[in-house]
Structures are given as C-alpha cells and as structure tokens.
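Let's take a walk through a structure together and see how its chains meet.

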Amino acid sequence: MGLLEGVNDDEKLVRDFLLHFFREKEKVDIKPFQHYIDEPYLNKVLAEAKLTSGAPDTEKW
Amino acid sequence: MLVLMFVQISLHARNTSIRYNNLSLSLFLFYLSLAISLAFSLRSLINQLYLSFSTHIPMIHNTKHHMQHTPHTHVTYYNISQHHSQYHKQLWKFVVGLSGGFNSYKVTVAYHQLSLAQSKGVYDNERFMDYLAIPRYTSYTNPVWANAQQHLAQ
C-alpha cells in the first residue's frame, strides 16, 4: 500500500507481542486473545513466555 | 552544471585575455540562476512523486471521506523518522473506515504501526487487538472465528 511494504508473514510480530504481554503479568489470561488466535498456538507461546521469564513453577509449563 | 559553468567562464576569460570581466560575471550569474532554478524544479518534482506514491490508494469511491482522511501533503513517508508514526496514524484513520474488501490495507498499516511502536519498546495492547480483529487467514488464526468472518462477509 503506497510506500508501505506488504505483509507476507506477521507471525513473528504477533508472537513477540504475545510474549511481551505474557511475560508482563504473573497471572495471564489468554481469553482476550483466544477469540482471534488458535488456542494451541496461544498455549505454546504462553509456555515459552513463562519458561523464558524465569517463572517459579516451570514444571507446570 | 557548475562544471560546465566554470569551463565556459575560463574559456571565455582565456579567449578575451581578461579574467572575470563583466561578461564573465554575467555568464556566471546566468548559469548560477539556471542551476538554482533547476535544483528547485527537481526538488518539487521529487516531492510530487513521493506524494503521489504515498497517498495513492486505488478504488476510492467516497471522495468526501477520501479528502477528509488522506494524509496531509506535508507528511510523507520519506520525511524524517519522527513523522512515520504520524503518517501511520493518518493512514489508519483512513483505512479503518474502508469496507472489508480493503482488509489487506488495514493489515498493512496496522502491522507497520505495531512494528514501529515495537522498535521503540512500546507494546500497544489496544492497537494489537485491533490488528488481530482484522479478518484474515494466517497460521495462528482461530479457524472457527476466521470461518465465521468469511460467512459474515458472504
């Protein structure tokens, strides 16, 4: 569109945003995203966020 | 242009054996004014080209809406980087009112807005939700929601 490049693959951006939001809060609610995003994908990103942010209960993830 | 100007002047000065006389000076001023006017014309042409590319959105049916929401002429994508977010905001104002057939435009604008914000360390939850809410098929999209959106569109 105009001078903006078209979007071929936005998965990385979405994943980065989700990781940021999931790392931000200790108790994460995936419901707001669940409506638009596939649940298995959300759970995968949530687990990654928790494991890489040093959450105390890593075994849960 | 400047090289040509100096060559002409030096040749003239050599031929007449008079260095930088009145004629040379008038030649110098003539070429200088020519060079300046050419530079301004080129600058204006380049600006016009940038504007025509940056504000071109095909198939606009609502002219009034178009006039209200297209980016102002003083904002172009090639301006300094601080104008990018302003430019994206104006583009978003424009595309958000378009029909579902222009969803790819909405995705493009929102994507670049989010990318720019992210590069500055800003994660705008509201805009991110707006972005997710644009109907499309991707590897991560909830298929139930995407199918429902397609049925609605039909």
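In this predicted model, 28 residues of chain B are in contact with 21 residues of chain A. Which helices of chain B each supply at least two residues of the side that touches chain A? They are helix 2 (22–54), helix 5, helix 6 (125–132) and helix 7 (143–153). Helix 5 of chain B gives the most, with 9 residues. Sorted by class, the side of chain B that touches chain A has 16 nonpolar and 12 polar residues, and no charged ones.

Now turn to the partner. Chain A has 3 helices and 0 strands, so if you follow chain A from the N terminus, its elements run α-α-α. Of the 61 residues in chain A, 20% are buried.

Let's look at one meeting place between the chains. Two packed helices are described by the angle between their axes and the distance between the axes. Helix 1 (residues 11–24) of chain A packs against helix 5 (residues 103–119) of chain B at an angle of about 50 degrees, and their axes are 11 Å apart. Helix 1 of chain A and helix 5 of chain B are therefore oblique to each other. The crossing of helix 1 of chain A with helix 5 of chain B is left-handed.

Which residues make this contact? From helix 1 of chain A come A:Leu13, A:Asp16 and A:Phe17, while helix 5 of chain B brings B:Tyr111, B:Leu114, B:Ser115 and B:Gln118. The residues of this contact divide into 4 nonpolar, 2 polar and 1 charged.

Technical notes: Residues are numbered from 1 along each chain as its sequence is written. Chains are lettered from A and ligands numbered from 1 in the order in which they are written. This is a predicted model: local features need pLDDT of at least 70, side-chain atom pairs count only at pLDDT 80 or more; totals for chains, interfaces and linings use all residues. Axes are lines fitted to C-alpha atoms, for helices over the stretch in contact, and angles run from 0 to 180 degrees between N-to-C directions. Helices (H or I, at least four residues) and strands (E, at least two) are DSSP runs, numbered from the N terminus. Angles under 35 degrees count as roughly parallel, over 145 as roughly antiparallel, 65 to 115 as roughly perpendicular and the rest as oblique. A crossing is left-handed if the near helix is turned anticlockwise from the far one by less than a right angle, and right-handed if clockwise. Two residues are in contact if their C-beta atoms, placed from the backbone, lie within 7 Å. Ala, Val, Leu, Ile, Met, Phe, Trp, Tyr, Cys and Pro count as nonpolar, Asp, Glu, Lys and Arg as charged, and the others, Gly among them, as polar. A residue is buried if 20 or more other C-beta atoms lie within 10 Å of its own, exposed if 12 or fewer, and partly exposed in between; C-beta atoms are placed from the backbone.
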